[in-house]
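These are my notebook entries on a structure that I had not examined before.

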Amino acid sequence: MKVIVAPDPDEIAVHAADLVQSFLDSSPEPVLGLATGASVQPLYRELVRRHREQSLSFASSRAFLLDEYVGLDPDHPQLYRNVIRADLAGYVGIDPARLHSPDVHTADLDEECARYDRRVSRARIGLQILGIGRNGHLAFNEPGSGFDSRTRVVRLTAGTRADNSRFFERPEKVPETAVTQGLGTILQADHLLVIASGAAKTIAVEGVLVGPVTDTMPASILRTHPRVTMIVDPEAAAAWHRTAQRP
C-alpha cells in the first residue's frame, strides 16, 4: 500500500486527480468505480476543472457506482446516481448510458443486487475511488461485513445515518437501507484509490494501516489488496503517526 500525506483536502484532490488522469490516459476504454460523499467532492471538483481547462477527457470511459440508497424517489437530490451527476458526470462528458448504478426501484432487489454484481465483475474496474467511514466502513459495508461479501441490501447503522444526516433536511429522512457492492466485489478492482481527511477519520485510517485485519474494521481488508493508494491529510493520519512512533 502506498500512503501519501497531503497538507489539506485540496492537495489530496490534486494527487488523486493525477492518478485518475493517468488512468484515463492509459486505457482506450477506462472503467472507473465512483464513490460519493464529502471526502471525494474536492477530487471531483478538480477533475471538472481539468476537463474544462485542460481538456481531460472522460468520453470513452464507463463508470459504476459503489452503492445507492433504498427508498428515495428517482429525482431525489441525494439519490447517489443524481449526486454523481451533480458532482462529476454531468460536467465531464460521461455518457449517461455508460454511468451504471443499481436499480433500487425495481420490485426484486435481491435479483437486482445479483445482476449488478455480475455486471461490475464482468466490467473489471481498473480504478476504484473510495472513501472511508469513521467506523471503517467501505461503501456501505458496516463492521461485521464479510470480506468475501457481494452486492446486497444492507441496513445502515445509526452512526452512518447520523454522519449522512447533514445531506438531508432532517435526520429521520436518511434512508435506513441501501444497496452496496460487497467487500469481495470491491477488491476485484485493479487499483484502489482511497481518500480520507479530517480528525473524524483518524481511527479508521489507523485501523487500515496497522493492527489486525478484522471485520470489525472493514477497511482493514485493503491491506490484502496488491495495489492500493491511500491519500490522507495530517489530521486523518495523526493516530497512525503516533502508533508508528512508539518504540
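**Entry 1: helix 4**

What span should the 15 residues of helix 4 have, and how far apart are its end C-alpha atoms? I worked with a predicted model. Helix 4 comprises residues 109–123, and at 1.5 Å a residue it should span 21 Å. I found its end C-alpha atoms 21 Å apart, which agrees with that expectation.

I then asked which residues of helix 4 are buried. They are Leu 109, Glu 112, Cys 113, Tyr 116, Asp 117, Val 120 and Ala 123. Viewed down the axis of helix 4, these buried residues fall within an arc of 135°, so they line one face of the helix. An α-helix has 3.6 residues a turn, so residues three or four places apart point the same way. On the other side of helix 4, I noted that Asp 110 and Arg 122 are exposed.

I next looked up what covers the buried residues of helix 4. The cover includes strand 2 (31–34), strand 3 (62–65), strand 5 (99–100), strand 7 (152–155), strand 8 (177–180) and helix 6 (183–186).

I also inspected both ends. At the start of helix 4, a side-chain oxygen of Asp 108 comes to within 3.3 Å of the backbone nitrogen of Asp 110. Just after helix 4, Arg 124 has a positive phi of about 55°.

**Entry 2: salt bridges**

How many salt bridges are there? The count comes to 12. I examined several of the pairs.

Arg 49 and Glu 46 form a salt bridge, with N to O at 2.8 Å. Both belong to helix 2 (residues 41–54), and because they are 3 residues apart, about one helical turn separates them. Arg 49 counts as partly exposed, at 30% relative accessibility, whereas Glu 46 counts as buried, at 12%.

Arg 155 pairs with Glu 176, and their closest N and O atoms are 3.1 Å apart. This pair links distant parts of the chain: Arg 155 lies in strand 7, while Glu 176 lies in the loop between helix 5 (158–164) and strand 8, 21 residues apart. I recorded Arg 155 as exposed, at 56% relative accessibility, and Glu 176 as partly exposed, at 44%.

Arg 170 and Glu 172 also meet in a salt bridge, at 2.8 Å from N to O. Arg 170 is partly exposed, with a relative accessible area of 35%, and Glu 172 is exposed, with 53%. Finally, I traced salt bridges that share partners, and these join Asp 18, Glu 46, Arg 49, Arg 50 and Glu 53 into one network.

**Entry 3: Asp 233**

Where is Asp 233 found? I located Asp 233 in the loop between strand 10 (228–232) and helix 8 (234–245).

Is Asp 233 buried or exposed? Asp 233 is buried, yet it has no salt bridge. The nearest side chain of opposite charge is that of Lys 201, 9.4 Å away. I asked which backbone nitrogen the side chain of Asp 233 reaches. The side chain of Asp 233 reaches the backbone nitrogen of Ala 236, at 2.9 Å.

Notes
Residues numbered from 1 in each chain as written. Predicted model: local features only at pLDDT ≥ 70, side-chain atom pairs only at ≥ 80, totals over all residues. Heavy atoms only, no water. Helix = DSSP H or I, 4+ residues; strand = E, 2+ residues; numbered from the N terminus. Buried < 20%, exposed > 50% of the residue type's maximum accessible area, 1.4 Å probe, protein only. Lys, Arg positive; Asp, Glu negative; His and termini not counted. Salt bridge = Lys/Arg side-chain N within 4 Å of Asp/Glu carboxyl O. Polar contact = N/O pair within 3.5 Å; in protein donor to acceptor, adjacent residues only side chain to side chain. Expected span 1.5 Å × (residues − 1). Arc of directions from axis to C-beta. Contact = heavy atoms within 4.5 Å.
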